[in-house]
Amino acid sequence: MSRSAHPAGPRYADVLPEGHYSPPPADLNALDPRVWARTVGRDERGALTVGGLDVATLAEEFGTPAYFLDEDDFRARCRAWKEAFGDDADVFYAGKAFLSRAVVRWLHEEGLNLDVCSGGELATALSAGMPAARIALHGNNKSTEEITRAVEAGVGRIVVDSFQEIVRVAHIAERLGKRQPVQIRVTVGVEAHTHEFIATAHEDQKFGIPLAGGQAAEAVRRALKLDGLELLGVHSHIGSQIFDTSGFEVAAHRVVGLLRQVRDEHGVELPEIDLGGGLGIAYTSDDDPREPREIATALREIVHRECAAAGLAVPRISVEPGRAIVGPTAFTLYEVGTVKELPGLRTYVSVDGGMSDNIRTALYDAQYSVALASRTSTAAPMLSRVVGKHCESGDIVVKDAFLPADTAPGDLLAVPATGAYCRSMASNYNHALRPPVVAVRDGQARVIVRRETEEDLFRLDVG
Ligand SMILES: Cc1ncc(COP(=O)(O)O)c(C=O)c1O
Ligand SMILES: N[C@@H](CCCC[NH3+])C(=O)O
């Protein structure tokens with residue numbers, strides 16, 4: 001976006017870097033429905049509400065910082081994905097985005113499957129009653145213990161990520177007298193349009209086995225020979241926070257190309273393909289994400305077309321959305337502690353959390369929105385940087401945002417779209433106590449992950 005497209009005055013136009021420049025919204029109190037969870041609104045006094053409860057009441061009961069998750073929105077998004085893909089496809093929620101036992105139960109109730117990528121996520125899924133057959137285990141370096149536990153539990157699939165792992169999973173399965181269903185994760189050589197740390201289908205990175213140079217075909221050859229494995233198909237995940245479907249289309253085209261090669265070489269038609277997750281969400285009003293139905297239609301069309309051209313039966317498709325389901329359903333509520341105006345630059349608004357509850361801004365230069373939540377205001381827009389309380393100048397929650405100029409200590413701020421990769425990537429940096437996740441529905445609020453306490457810190461500190 002060019003600066004000249006938004007002649008919004010010298011005060012902030014000069015300090016924002018190219019690409020970070022947006023003029024102040026016409027109404028600072030407005031809540032863009034693309035960015036906020038579905039039941040979020042403002043009550044007659046101007047306070048932000050979710051699930052019928054206002055933030056002052058929520059802050060009073062649960063403290064700040066805290067993540068508030070709109071359970072109805074979460075469930076509605078699960079249903080939207082499931083309906084969009086229909087009965088001949090499977091939706092696996094990517095647990096890395098955010099996982100708790102309540103979430104596992106919601107997924108189970110809504111008929112979704114679950115992708116886990118560690119022993120901890122697997123244990124959470126199993127302990128909350130997700131049937132093992134509906135779990136997929138991922139990871140580029142799964143331990144022997146993780147694989148053994150997954151095979152023993154009977155997970156529906158293990159997505160193998162390397163030549164060593166093909167053999168490792170086969171040996172473990174054989175030792176346990178089982179035949180483990182697997183998919184092979186391939187890298188299709190797509191440069192996804194996203195931050196380099198979250199793009200995963202170009203060849204020069206740690207995930208998957210490259211299609212290039214025949215490596216993926218060789219992986220299939222080896223897997224088909226092993227008695228301990230039932231090769232279900234091929235998996236591709238091109239990256240995360242992606243808006244345009246063209247990368248998925250190229251991936252589908254190349255994955256079906258491999259299935260064709262396998263059929264020609266081995267006379268075997270592999271019955272499944274997984275096209276991964278990665279669909280983007282709106283963090284700010286500038287983002288324009290696709291609806292699940294649109295994505296499902298585009299992916300189906302390409303797979304059907306490619307299979308028809310190759311003379312292959314259409315395999316069962318699965319997808320693994322994480323962020324697109326949970327991301328928009330939660331906001332983080334903070335209390336303002338200090339407001340520091342730097343004349344000619346901007347105003348630093350410090351809140352009671354920071355990079356320990358949202359590392360994404362520091363890690364990916366992620367953009368977020370923010371709203372004054374405890375009240376509305378008619379004050380002029382003030383160019384602000386919302387920062388945390390950590391000993392780190394990169395401890396930024398919202399890099400460039402407009403808040404009302406009367407924002408003051410004691411006000412509550414809400415940062416939307418923090419449902420994905422915020423609590424799940426939260427840390428104890430500076431011995432911060434990780435915030436709770438509170439599910440809100442129909443006027444009821446329920447802690448699903450409690451706030452950490454100093455006792456939790458001391459429990460690990462055994463010296
Ligand atoms: C294999 C795999 N599947 C699914 C996901 C979920 O991605 P997202 O949350 O962007 O949908 C990821 C993370 O990027 C992943 O690595
Ligand atoms: N953690 C990343 C996404 C990577 C997900 C796993 N491959 C994020 O916050 O955007």
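Q: Which residues of α8 meet which residues of α9?
A: A216, A217, V220 and L224 in α8 meet L258, Q261, V262 and H266 in α9. Here, contact is a distance rule: the C-beta atoms, placed from the backbone, lie within 7 Å. The helices are DSSP runs of H or I with at least four residues, and strands are E runs of at least two, numbered from the N terminus.

Q: How do the residues of the contact of α8 with α9 divide into nonpolar, polar and charged?
A: They divide into six nonpolar, two polar and no charged. Ala, Val, Leu, Ile, Met, Phe, Trp, Tyr, Cys and Pro count as nonpolar; Asp, Glu, Lys and Arg as charged; the others, Gly among them, as polar. Q261 and H266 therefore count as polar.

Q: How far can the model and its numbering be taken?
A: This is a predicted model, where local features need pLDDT of at least 70 and side-chain atom pairs count only at pLDDT 80 or more, while totals for chains, interfaces and linings use all residues. Residues are numbered from 1 along each chain as its sequence is written, and chains are lettered from A and ligands numbered from 1 in the order in which they are written.

Q: Why are α8 and α9 called oblique to each other?
A: Helix α8 (residues 215-225) and helix α9 (residues 246-266) cross at roughly 50 degrees, and their axes come within 11 Å. Axes are lines fitted to C-alpha atoms over the stretch in contact, and angles run from 0 to 180 degrees between N-to-C directions. Under 35 degrees is roughly parallel, over 145 roughly antiparallel, 65 to 115 roughly perpendicular, and the rest oblique. The angle falls in the rest, so α8 and α9 are oblique.

Q: What makes α6 oblique to α7?
A: Helix α6 (residues 144-153) and helix α7 (residues 163-175) pack at about 50 degrees, with axes 10 Å apart. That angle makes α6 oblique to α7. The crossing is right-handed. T144, I147, T148 and V151 in α6 meet R168, V169, I172 and A173 in α7. Five of the contact residues are nonpolar, two polar and one charged. R168 counts as the charged one, because Arg is in that class.

Q: How do you know that α9 and α10 are roughly parallel?
A: Look at the angle between α9 and helix α10 (residues 292-310): about 30 degrees, with axes 9 Å apart. It is under the parallel limit, so the two are roughly parallel. Their crossing is right-handed. F248, E249, A252, H253, V256 and R260 of α9 touch A298, L299, I302, V303, E306, C307 and A310 of α10. Nine of these are nonpolar, one polar and three charged.

Q: What makes the bond from T64 to P65 worth a look, cis or trans?
A: The peptide bond is cis, with omega near -10 degrees. P65 sits in the loop between α2 (55-62) and β4 (66-70).

Q: Into which domains is the protein divided?
A: Domain 1 is 3-70 + 328-460, and domain 2 is 138-321. The bounds come from an automatic or database assignment. Their C-alpha centres are 36 Å apart. 12 residues of domain 1 contact nine residues of domain 2. On the domain 1 side, seven are nonpolar, three polar and two charged.

Terms used. Two residues are in contact if their C-beta atoms, placed from the backbone, lie within 7 Å. A crossing is left-handed if the near helix is turned anticlockwise from the far one by less than a right angle, and right-handed if clockwise.
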